[in-house]
Amino acid sequence: MTFPTEVTVPLMKDIAGQAPQAVCDLVTNNNSTNLLLNRDKPPFDNADIRKAMMLALDRKAFIDILGEGKGDVGGAMQPPPEGIWGLPPDQLATLPGYGPDVDKSRAEARAIMEKLGYGADKRLAIKVSTRNIPVYRDAAVILIDQLKTVYIDGELDPVETATWFPKIGRKDYQVGLNITGSAVDDPDQQFYENYACGSERNYTGYCNKELDQLFDRQSAEADQAKRKKLVWEIDKKLQLDAARPIIMHNRSATCWQPQVKGVTLMVNSIFNGWRMEDVWLDK
């Protein structure tokens, strides 16, 4: 059996060729590829530049290239149908960079950049830092390519894994291409851990006291339908603020030999289902 949820879509083809009898299950794993923008230092202390960057993103291209079409567009919360709390597609489409017309979004981004004095002859140079492993680095290369369309020239800054989290903890970056795993599909875990003022895992230092109060309101709301509306309101605000721009929600696979029985993969987190208490060998 492979390590749980470590098999990418391209690697599934290799496994099918080398072990055609193997069983592979591709699932959403409740982790997202996202951007960390250093909001405390130029140029990303400017909300207009953050918006232009959001408008430059072609999320479908990321999914098509990295996951061969297997991946999901969403906000902070895991997208439906596997995710209970994720924003519906019609609401997502109203947010900057989520609309279906990528060319239109990028034209809007260029107009913003031109008002700030940038253009074809005066481009914004930035560094895009990321862990020096393929699942991070490949996404960062695509990001850099897409940012060129809005007068932003990115330089790849590959960071060894041992120093990655200390580096972003110090906020020693301009843009960080990151992957964030979630322990469970629940707004309390997502909002308090990644977006609340003062949270250690809130790497960008994003802080909105009014949203913190909404975090508390949704957490205390017993009516699930009412809570979901509050969660959607929060998620939309997080995307509008470019708090931690979400590029894509990832899918990955686990593969095993057919004599391995009783494997059940969870869709609410890559960290659940590892006890293997129901797994047995028919051999």
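Predicted model: local features only at pLDDT ≥ 70, side-chain atom pairs only at ≥ 80, totals over all residues.
Buried here means under 20% relative accessible area, exposed means over 50%, and partly exposed is in between (1.4 Å probe, protein chains only). Residues are numbered from 1 along each chain as its sequence is written, and side-chain values use heavy atoms, with hydrogens and water left out. Helices (H or I, at least four residues) and strands (E, at least two) are DSSP runs numbered from the N terminus.

**Around H8**

- Where H8 starts, Asp 186 has a side-chain oxygen within 2.9 Å of the backbone nitrogen of Asp 188. A polar contact is a pair of N or O atoms within 3.5 Å; within protein, one must be able to donate a hydrogen and the other to accept it, and residues adjacent in sequence count only if both atoms are side-chain atoms.
- Thr 204 sits in the loop between H8 and H9 and counts as buried because its relative accessibility is 1%.
- Leaving aside residues up to four places away in sequence, Thr 204 touches Leu 36, Leu 37, Arg 39, Lys 171, Tyr 173 and Ala 243.

**Helix pairs**

- H9 (residues 209-220) and H10 (residues 224-240) have axes that come within 9 Å and cross at roughly 155 degrees. That makes the two helices roughly antiparallel (over 145 degrees; under 35 is roughly parallel, 65 to 115 roughly perpendicular, and the rest oblique).
- Axes are lines fitted to C-alpha atoms, for helices over the stretch in contact, and angles run from 0 to 180 degrees between N-to-C directions.
- The H9 and H10 crossing is left-handed, meaning that the near helix is turned anticlockwise from the far one by less than a right angle, while clockwise would be right-handed.
- Residues in the H9 and H10 contact include Leu 214 and Phe 215 of H9, plus Leu 230 and Ile 234 of H10. The contact has seven nonpolar, two polar and four charged residues. Ala, Val, Leu, Ile, Met, Phe, Trp, Tyr, Cys and Pro count as nonpolar, Asp, Glu, Lys and Arg as charged, and the others, Gly among them, as polar.
- H3 (residues 59-67) and H6 (residues 134-147) cross at roughly 145 degrees, with axes that come within 11 Å, and this crossing is right-handed.
- On the H3 side, Ala 61, Phe 62, Ile 65 and Leu 66 meet Asp 138, Ala 139, Ile 142, Leu 143 and Gln 146 of H6.

**H2**

- Seven of the 10 residues of H2 (residues 47-56) are buried, so this helix is largely enclosed by the rest of the structure. Arg 50 is one of the buried residues.
- Asn 46 caps the N-terminal end of H2, with a side-chain oxygen 2.8 Å from the backbone nitrogen of Asp 48.

- Most residues other than glycine have a negative phi, and most peptide bonds are trans.
- The Pro 42 to Pro 43 peptide bond is cis, with omega near 5 degrees; Pro 43 is in the loop between strand S1 (23-37) and H2.
- Asn 30 has a positive phi, near 55 degrees, and lies in S1.

Terms used. Contact = heavy atoms within 4.5 Å.
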